[in-house]
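Dear colleague,

Please find the structure below for your records.

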Amino acid sequence: MIIVSRTMDWGERSGGGGGTGVADELTLDLDDNLAELSLERTITSSLKSAEEIERLTVDERLNDIERAVYLLSSGQEVQRISVIKNLPQLLTDHSNDAMRRVVPKVREVLHLANCDLQDAATKVFVTIIEQRIITPASYAQSFLQTILSNVDNRDPDVSEAWLEVLLQVISFLPKDILKRDVLTVAVEKGQLSQSVQSRLASCRILGKVATRCDSFMIKRDILPLVQSLCQNVDYEVRSCMCRQLDSVARGLGLEPTKSAILPELVELSNDEESCVRLAALETIVSLLSLLDDETCTQTIIPLVCKFCENAMQSEDSTLPAVARQFGRLCHGLSVNLTEDQKIWFLNFYCKLCVIGLVPEKTRVNDRQSPPILNLYREEDRHMECRRHCAFNFPCMVLFAGPRNFKMELHGTFACLCDDPNKCVRVTMASGFHEVAKMLGSSVLTIQGELISLLKDDLLEVIHGIISHLPETLDTFAKGGNVVTESKILGFGFDNLVLCRRITGLADLIPALISAETAAASSRNWRLHRDLLEKYSCLPRCLTSDQIYNKIVPMFFKHIIAHRVLPVQLAAAHSLCVFMRYNRRLEQRQDICGRLIEECCHSGNHRYRKLFIDICHFSLELFSKNYFKENLYNSVIQLAQDPVPNVRLKFCSLLPSLKSQFKLPKDLQLLQQLETLVRRLLSTENDHDVVTAVRRAVFELDRIKMTVGIQTSKHHQEDDLQDQKKEEDEQLLLEMERRDHEEADSKTGSSKAPSSAKGGDKRRESKAGATSTAAATATARKTVGAKSSKTGSATGRRVAPSSSSSSNTSVYSSPNKATTKTAKSQGKKSIENATFAAPTASSASKVTSLSAKTGKRSPTVQEPNNNKPPASSRRRAGSDGLICMSSSSASKTPSYSRTKKDTNASATVDGHTSSGSSLVKRTSSTGGTHGELRRSSGSSVTSPRVRQSSSSNIATSNSTTRIKKTTVSKS
């Protein structure tokens with residue numbers, strides 16, 4: 001291959017001297033094309049000629065009134081429209097001059113004006129009366145006559161516009177003006193000799209005037225003309241007047257309505273024209289609240305039944321109207337219906353719900369038939385009937401009663417949810433939550449239909465059901481007696497027995513996954529975002545294991561793989577909610593660890609920015625101690641991120657980080673944060689980041705730190721909320737601890753010896769462990785209040801440390817009397833506590849239980865001889881107990897102290913799980929002795945604690961220290 005580096009000569013390709021001419025021609029064409037695209041061309045001709053400019057020029061010496069009169073007289077159309085739009089301001093500033101000189105010119109202009117000017121005048125005339133710029137008398141004299149004259153305009157659009165203005169103006173005019181000026185015109189227009197357009201206008205004017213007049217005036221001046229128009233020869237006039245009978249009847253009152261209006265209404269309901277019958281049905285529905293029980297029972301109910309039967313037989317255009325009004329009819333007549341009549345209405349409704357549906361055997365053949373316009377219209381009417389029935393279904397549930405739903409309406413409900421037309425299914429999905437609320441305890445009856453709608457192929461159906469999914473699932477959880485972790489939260493410690501019967505709506509999981517898959521595979525990312533946000537309500541109806549195993553992997557996939565940021569944010573927020581209400585410590589730790597690993601430690605800056613948003617979500621959902629112990633150390637690393645956008649976003653988190661601190665406990669964290677900010681101010685090179693840091697510094701200076709108990713009202717409220725979050729986190733840990741206790745008790749009962757001696761020892765051991773647990777819970781609270789080294793709800797140090805270590809206090813085991821007292825105190829404090837939610841690293845701060853392990857030292861005498869045997873001793877875990885059987889206890893190496901110390905027992909806060917970690921003990925002389933312990937959390941480190949004796953004799957001088965080791969899952 002030969003690469004030519006010189007410029008191509010067009011002459012070489014064309015052969016001969018003619019090539020130069022071709023090249024020049026191409027160059028000229030290119031120049032012409034570029035010249036045409038030039039954006040800075042000179043305008044050679046003006047837009048307006050000198051004559052036009054002269055015509056549009058107005059003398060600046062004219063005042064506002066003179067200029068308005070001049071423009072209305074000889075101005076252009078656009079100038080006249082401008083004057084008319086400015087008329088309210090002229091009337092406000094120059095009322096007398098404008099009424100005397102401008103308004104007459106406006107009337108002259110409107111006589112032959114075009115549609116644009118007429119439209120502007122209609123809006124201005126309404127504004128003048130609404131703002132009451134002039135008095136009603138002046139308005140009637142100057143503007144009302146113009147409105148009435150323009151109602152008869154030959155242009156139907158202009159006439160309709162001025163009629164709407166008249167109907168709005170009637171609401172502001174006094175009765176005497178209405179009777180003198182408006183009612184006279186309405187009566188004149190309603191005569192049989194007038195055109196159809198005039199009679200239609202008369203019907204609407206009479207209906208509006210009737211709302212402003214008293215009963216006597218209506219009887220004398222309006223009612224005779226109303227009855228005449230109801231008998232008009234033109235069906236359009238009868239229909240229009242029928243729709244106004246509601247206003248006339250309410251102005252007359254009950255008795256005149258029964259004697260004068262009802263006979264006309266009954267006759268109109270039997271009219272030969274369908275539009276008149278439809279208007280009569282709508283008027284009957286509107287009058288139900290006015291009529292008494294006797295009238296409804298004797299007149300309205302038979303009339304409605306006959307009307308519905310005729311509509312079903314003819315299947316004309318009135319049938320969709322019947323379906324649309326059927327819910328209001330049943331609701332208004334429910335108190336007057338007998339049981340047989342209720343059954344008739346329910347049966348008729350069920351027929352409407354399935355009208356037009358073709359059996360399965362003939363449906364395929366019908367689809368193959370050629371399309372015919374009449375058949376299409378008939379099918380369209382049937383679809384409208386079913387759609388209106390779907391809209392009215394909640395009203396029909398109220399009409400039939402929740403108890404009768406399964407027998408009367410459940411089959412119809414299932415049929416509508418599976419309707420072949422998408423509009424019907426969308427309507428059912430949108431109102432599904434209303435039906436669920438009405439059913440109450442019987443809501444599980446429609447669980448199958450909920451699954452069917454969630455698995456629908458149409459995105460509109462999924463959107464309809466997802467829009468109110470939290471309300472729907474909450475109703476299912478309450479009505480179906482479903483108990484989940486989120487339902488226990490808030491009940492407090494006294495109702496922890498509920499955790500033994502935690503269940504979930506597991507049948508909904510495949511349908512929820514199917515809906516999410518359909519939304520994810522579509523291009524509608526907004527629907528997908530809404531769906532992920534609504535799924536944050538799943539802890540109300542699903543258990544922690546169900547969510548962790550089925551839902552959480554799906555959300556992690558969208559966080560990692562999805563390209564749309566709102567979808568990622570919705571998935572991250574829902575994951576934080578799942579972690580908030582998860583009762584399994586291992587699962588919480590796994591979710592939190594994966595978020596840190598996938599986002600904070602990601603090589604892509606987009607995910608590191610997303611982690612900052614996750615921190616914002618965590619600050620709202622979890623306690624301050626949780627954030628400081630689990631996410632703080634990870635997020636502050638982003639301050640040194642190599643990407644400026646990450647550092648820029650991190651600056652927005654700085655004020656929130658400072659608000660998590662409380663002095664003097666968090667003094668070290670506060671100093672670390674201040675050092676970090678100073679480093680950013682001194683070393684940052686990016687201009688935007690520097691600006692964001694300076695802005696954050698101003699916000700940090702405004703935040704007032706809380707010192708001890710001297711806090712403001714705002715800080716007290718914030719502390720109460722944070723305390724509630726910590727109590728919620730403690731509750732879930734206690735729930736898991738009780739699960740471990742139950743599992744240990746079941747394991748112990750299966751291996752229980754048959755001898756009576758063994759049974760006595762086991763019962764004695766269980767009683768001792770229970771009393772010790774209560775005593776240690778009280779001791780933990782006391783020590784936690786006195787020592788700043790004690791961890792928070794998760795048992796970690798407040799100061800920043802590596803995520804794989806945690807501090808735990810070690811306490812000595814009390815004697816029998818002390819245990820009894822501490823048990824009562826601990827029980828009282830626990831019963832008064834209220835908890836609510838999980839934390840990801842709360843493994844190391846739970847009610848620690850004292851246990852006695854190891855070999856008894858021969859140099860110390862124990863005053864309490866009623867100790868449980870070594871085979872049944874327990875070691876306290878982070879949220880449960882680790883049972884030490886006789887076999888495992890025998891494997892633990894025994895040792896004795898080297899300096900006047902006893903073989904004191906210690907309680908260690910840690911987590912009980914399938915994982916294992918090695919915990920080493922070191923004596924005061926530096927010797928170490930290994931002991932294996934089962935744990936799923938990170939390695940545990942406890943401060944040095946002195947061992948106390950229960951007999952108040954000599955205290956031990958030795959100390960116990962547990963060194964931090966790495967965690968390795970078995």
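This is a predicted model. Phenylalanine 326 is buried in it, with a relative accessible area of 0%. That value lies under the 20% cut-off, which means that the residue counts as buried.

The structure contains 17 aromatic pairs. One of them joins phenylalanine 326 and tyrosine 349, whose rings are stacked, at 6.2 Å centre to centre and with 20 degrees between the planes. Because phenylalanine 326 belongs to helix α19 (residues 318–333) and tyrosine 349 to helix α20 (residues 339–353), this pair ties together parts that are 23 residues apart in sequence.

Tyrosine 349 is likewise buried, its relative accessible area being 1%. Tyrosine 349 also pairs with phenylalanine 393: the ring centres are 6.2 Å apart and the planes stand at 50 degrees, so this pair is tilted. Here too, distant parts of the chain are linked, since tyrosine 349 is in helix α20 and phenylalanine 393 is in helix α23 (residues 393–400), 44 residues apart. Phenylalanine 393 is buried, with a relative accessible area of 0%.

Arginine 580 lies over the face of tyrosine 581, at 5.0 Å from the ring centre. The charged end of arginine 606 is placed over the ring of tyrosine 607, 5.8 Å from its centre.

Yours sincerely

Methods:
Residues numbered from 1 in each chain as written. Predicted model: local features only at pLDDT ≥ 70, side-chain atom pairs only at ≥ 80, totals over all residues. Heavy atoms only, no water. Phe/Tyr/Trp six-rings, centres within 6.5 Å; stacked < 30°, edge-to-face > 60°. Helix = DSSP H or I, 4+ residues; strand = E, 2+ residues; numbered from the N terminus. Buried < 20%, exposed > 50% of the residue type's maximum accessible area, 1.4 Å probe, protein only. Lys NZ or Arg CZ within 6 Å of the ring centre and 35° of its normal.
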